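Work through the exercises below with the coordinates open. Each task is followed by a stepwise solution.

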Amino acid sequence: MNYLVARSVMKRAVAGGHYVSSCAAAAGIRALTPLDVSAASGLEARGLSMVLIGWRRMMSTAAESSSTSAVAEKDDKSKSVTRKEEKGDVVVSSYWGISRPKVTREDGTEWPWNCFMPWETYRPDLSIDLTKHHVPKTFIDKVAYRTVKLLRIPTDIFFQRRYGCRAMMLETVAGVPGMVGGMLLHLRSLRKFEQSGGWIKALLEEAENERMHLMTMVELVQPKWYERLLVLTVQGVFFNAFFVLYMLSPKLAHRIVGYLEEEAIHSYTEFLKDIDSGAIENVPAPAIAIDYWRLPKDATLKDVITVIRADEAHHRDVNHFASDIHFQGKELRDSPAPIGYH
C-alpha cells in the first residue's frame, strides 16, 4: 500500500513538472517485488521530499521574479516621472480635488502664466496727469519730502543713469508699503471687528502691481551679485522701518510713499529720454508685460516703461489721498478705497 502511495506521489510530481530522481521514476514502472515492498516506505519519503524541494524552488523563483518585476516597475515609474518633470509636466495627486482650470487668452491660445490671470490684467490709463505734486505745507509733509530727497542721493550715486538696474532695485522696495499697510489694516479689522472700507484690497493691489513691475524688469535686466545683495539689504531695512513708521503714524507713512512715487515718475521719465536718445536700446517688450498690460504684440521697451510710469502716478495719487484722509482726523475706512483703479 505504501508503495502505491509513493508511486502516486511521483506520478503527480512528474505531471506537475517537478524534479523526480531517476531512481524513483524507475521504481514506479517496475513490477512489484518483495524487495520493493520493503523499500516502499523509504521511497515514499524520498518522493515526498523531492516534491517539497521542487515546490520550494518554484515558490522561490516566483518570489524572485515578482520582486524583480516590482523593482523594474518602480524604476519605470521613476523614469517616467523624471521625464515628465524634465518636460515641465508636474505629477500631482488629485486626492484633494485641486487642479488648475484651463485658462486661455482672448484669441483662444493657452494662458502661460501662473503668477497672474487674465482677469487681473488691465489697460493702463495713460491720460493721468504726471506733473501733479503735493506741496509740503505741514511739518510732517516737510519731514516726508526731505526724507525722500535724502534717500534719492545714494541711489543716484550708485546707479547713475543705469535706469534698468535702478528700476529693478526700487521695485523690490516699492512693493513693501502696500503689503505692510494692507497687512496692518487686515489685522486691525480682525482685532476690532470692523470693515476696512476696501483699503486692504486697494493696498494689496498696489503691492501686487509693483511686484509685476519687478517681474517685468527682471526679464529685461540681469542683476549682478552685488546688486542682489543690495536688494536684500535695502528691502530688509526698509520693511522694518516702514512697519514701525506705519504703526506710529500712517499719515506720515502714506505721505512718504506719495513722494517716493513722485520720484519714481521722474526716474521713469529719464528712462524714456534715454530710450528716445538711443542711449538705451528700445528692445521688444517681454511677453509677461504684453499679457499683463494688454499691450500689442509688437510692443517695445518704451511702451512698457510708459505704462509703468502711469501706474506709479496712480500710486502717487492713492497714497497722497490716504494721507489727506488721516490729516483730516478720519480713518481710511471712512472714505471709499480706489479698488481697481488700475
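Two rings of Phe, Tyr or Trp (for Trp, the six-membered ring) count as a pair if their centres lie within 6.5 Å. The model is predicted.

**Exercise 1.** Determine which residues form one aromatic cluster, and classify the pair of tyrosine 292 and tryptophan 293.

Solution.
1. One aromatic cluster consists of Trp111, Trp113, Phe116, Tyr122, Tyr292 and Trp293.
2. For tyrosine 292 and tryptophan 293, the centre-to-centre distance is 4.9 Å and the angle between the planes is 85°.
3. Planes over 60 degrees apart count as edge-to-face, so tyrosine 292 and tryptophan 293 form an edge-to-face pair.
4. Both tyrosine 292 and tryptophan 293 are buried.

**Exercise 2.** What do tyrosine 145 and tyrosine 259 tie together?

Solution.
1. The structure holds twelve aromatic pairs; one of them, tyrosine 145 with tyrosine 259, is edge-to-face, at 5.2 Å centre to centre and 70° between the planes.
2. Tyrosine 145 belongs to helix H5 (residues 139-159) and tyrosine 259 to helix H9 (residues 250-277), so the pair links parts 114 residues apart in sequence.
3. Tyrosine 145 is partly exposed, at 27% relative accessible area, whereas tyrosine 259 is buried, at 1%.

**Exercise 3.** Describe the surroundings of glutamate 261.

Solution.
1. Glutamate 261 lies in helix H9 and is buried.
2. Leaving out residues up to four places away in sequence, glutamate 261 touches Glu206, Glu210, Glu312, His315 and Arg316.
3. The nearest side chain of opposite charge, arginine 316, is 8.4 Å away. A salt bridge requires a nitrogen–oxygen distance within 4 Å, and glutamate 261 has none.

How values were computed. Residues are numbered from 1 along each chain as its sequence is written. This is a predicted model: local features need pLDDT of at least 70, side-chain atom pairs count only at pLDDT 80 or more; totals for chains, interfaces and linings use all residues. Side-chain values use heavy atoms; hydrogens and water are left out. Rings of Phe, Tyr and Trp (its six-membered ring) pair if their centres lie within 6.5 Å; planes under 30 degrees apart count as stacked, over 60 as edge-to-face and the rest as tilted. Helices (H or I, at least four residues) and strands (E, at least two) are DSSP runs, numbered from the N terminus. Buried means under 20% relative accessible area, exposed over 50%, partly exposed in between (1.4 Å probe, protein chains only). Lys and Arg count as positive and Asp and Glu as negative; His and the chain ends are not counted. Contact means heavy atoms within 4.5 Å.
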